[in-house]
Amino acid sequence: MRRITGAVLPVLVVVGVIVAIWYAAAYNMNRAWTLDQAERRGLEVSAGELFTDTMWQERPRLPAPHQVAIELWNTTAGEAMFRERRGELRPNPRSLWFHAFQTLAPTLLGFVIGTLSGMFLAVAIVHNRAMDMSVMPWAIASQTIPILAIAPIVIVVLNAIGLVGLVPKSLISAYLSFFPVVVGMVKGLRSPGAMDLDLLRTYSASRAETFWKLRLPASVPFLFASLKVGIAAALVGTIVAELPTGARFGLGARLLTGSYYGQTIQIWSALFMAALCAAVLVSILGFVERTTLRRMGLDR
Amino acid sequence: MGGAVLAVVLVAILDWRAALLLAVWLGAWALNAWMAQASVAGARILVPVVFGLTLLTLWELAVRLFEVSPVILPAPSAIALAFAANIPTLWVDFVQTILRGALVGYVLGCGIAFLAALAIDRSAFLQKGLLPVGNFIAALPIVGTAPILVMWYGFGPSSKVAVVVAMVFFPMLVNAVQGMKESDAIQRDLMHTYAANYWQTLLKLRLPTAMPFLFNGLKICSTLALIGAIVAEFFGSPTVGMGFRIKIEVGRLAMDMVWAEITVAALAGSGLYGLMALMERQLTFWHPSHRSVRN
């Protein structure tokens, strides 16, 4: 019980303060518009009316927290995921679940591709000196290139050669989740100390045996740390990949259309949905991490 | 060796162009493998350079031999020509996006985050409350805030600075707070027995021990800053800037110019990262990660 109050209370207080600041900021930023409207109609507004109006504007500069919450509720629980159209059951583009799914599918596919190829490359780097010396410096250098900023071009180019839909988006997320996995996995595969390696040598273990019985298990904690970074990066990649081609579905598309039509509430709810997706994905990985490490006897 | 030659011959029966590419790749790889194995003097630099040059050569050859349309992928030589021909434009974009947007936001965001970390460091309550929230927000797609911030601050550089500040703040904060906690209780007690006050402890003990974490944050943020500034320009910008130019040139299908902008972004990103790594090497030479031990 004390552990819960000790850990949860500060977080609740901080979140409470953030929400309070948010309300104050919403009042401040939306006030000008309300006053402007009242002046044009030649009306006087009382302080109370001014406050309520800033909290319930249709296109506020900064929507109040409850407006975002209501929009989130209406577009998730309030809308069916599928609707009947011309005798067919089709996904309902008003449902935020549908957009989240449109973003999550390429994210997960890209994450799987990125992780597998990252692990494969890491194994090659650890076991081949030439690979290590050629690939590793370029892998690190490519991290310094703002790939996310370039992602839109890749999408447009792939579009031009007829690749549309799931694949181009997942290529971007694969690319972004690829490098954290390579770096973490290489570090992990190299983490067994000289003593452990010597011990296996006294057992006259082969390279393959050393890999399966020592290096791979030792790399697991590093791998999970990288996977958590990688999946968040993959999600950001998919969202950015949705921006340039004017995609109609997905969280990135919601952001873009919201920005075109000044629908700030829609932007904020898409942003929160993306945040929720990231949090859920990372915590699922965290759960898998804890279970795996406990089974391997590695948890602390 | 024999296997490689056989593979080239077999592919040559199907398509001589693919065989040529394969031969170049295998040849360069054999050279690299030999240099790595024989520990030739300067191999640490030569091997990656040869690898990079091989990739560029393969790219150039592939585009020329398979006659790839320049709309899809221009050859490196075409990109270099576009780069040389458009240096004034590239420079203006560089100043607008990197110097006025990314760099200003980087310095501001990292500075504010550092000051916030100092404040958080003095309060255990804030540490327990703000860090989980900070970690959560650091994992969010902050790029998504770009349309909102562009709406608030207009199309000029100030909205890009705002996006960059939002993007670098939390990663830097989390690293700085973590770094501030690095000094041991025993070291702090020692400073206490010296009757050192808060500022002396901060300057002589805690900042130096926090240094590796601070630099880690600075290095992560150097790329984030560029990403933020360029992506924000996709949501609206004056008629100058790298994000704007990329959007326009993609529309005109002038891919060589787009890749020239990418080259500028890559150079700027590597430069900033390299600068941070160099400073780190100078300032934290004592840290174990800089000892040259091969595992």
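**Reading a two-chain predicted model**

Mentor: Let's start with one residue: Phe244(B) counts as buried, at 17% relative accessibility. Buried means under 20% relative accessible area, exposed over 50%, and partly exposed in between (1.4 Å probe, protein chains only). This is a predicted model, where local features need pLDDT of at least 70 and side-chain atom pairs count only at pLDDT 80 or more, while totals for chains, interfaces and linings use all residues. Residues are numbered from 1 along each chain as its sequence is written, chains are lettered from A and ligands numbered from 1 in the order in which they are written, and side-chain values use heavy atoms, with hydrogens and water left out.

Trainee: Which helix holds Phe244(B), and which residues does Phe244(B) touch?

Mentor: Helices are DSSP runs (H or I, at least four residues), numbered from the N terminus. Phe244(B) sits in helix 11 of chain B, residues 242–251. Contact means heavy atoms within 4.5 Å. Leaving aside residues up to four places away in sequence, Phe244(B) touches Glu233(B), Ser237(B), Pro238(B) and Thr239(B). The C-alpha atoms of Phe244(B) and Ile230(B) are separated by 8.2 Å, with the two residues 14 apart along the chain.

Trainee: How many disulfides are found in the structure?

Mentor: A disulfide is a covalent bond between the sulfur atoms of two cysteines. The rule asks for a pair of cysteine sulfur atoms within 2.5 Å. A search over all chains finds 0.

Trainee: Now the interface: how much area do chain A and chain B bury between them?

Mentor: Buried area is the accessible area (1.4 Å probe) that two parts lose on being put together, summed over both. Here chain A and chain B bury about 4,500 Å², with 80% of it on carbon and sulfur atoms. The contact involves 56 residues from chain A and 48 residues from chain B.

Trainee: How many salt bridges cross the interface of chain A and chain B?

Mentor: A salt bridge needs a side-chain nitrogen of Lys or Arg within 4 Å of a carboxyl oxygen of Asp or Glu. Between chain A and chain B the rule finds 0.

Terms used
Helices (H or I, at least four residues) and strands (E, at least two) are DSSP runs, numbered from the N terminus.
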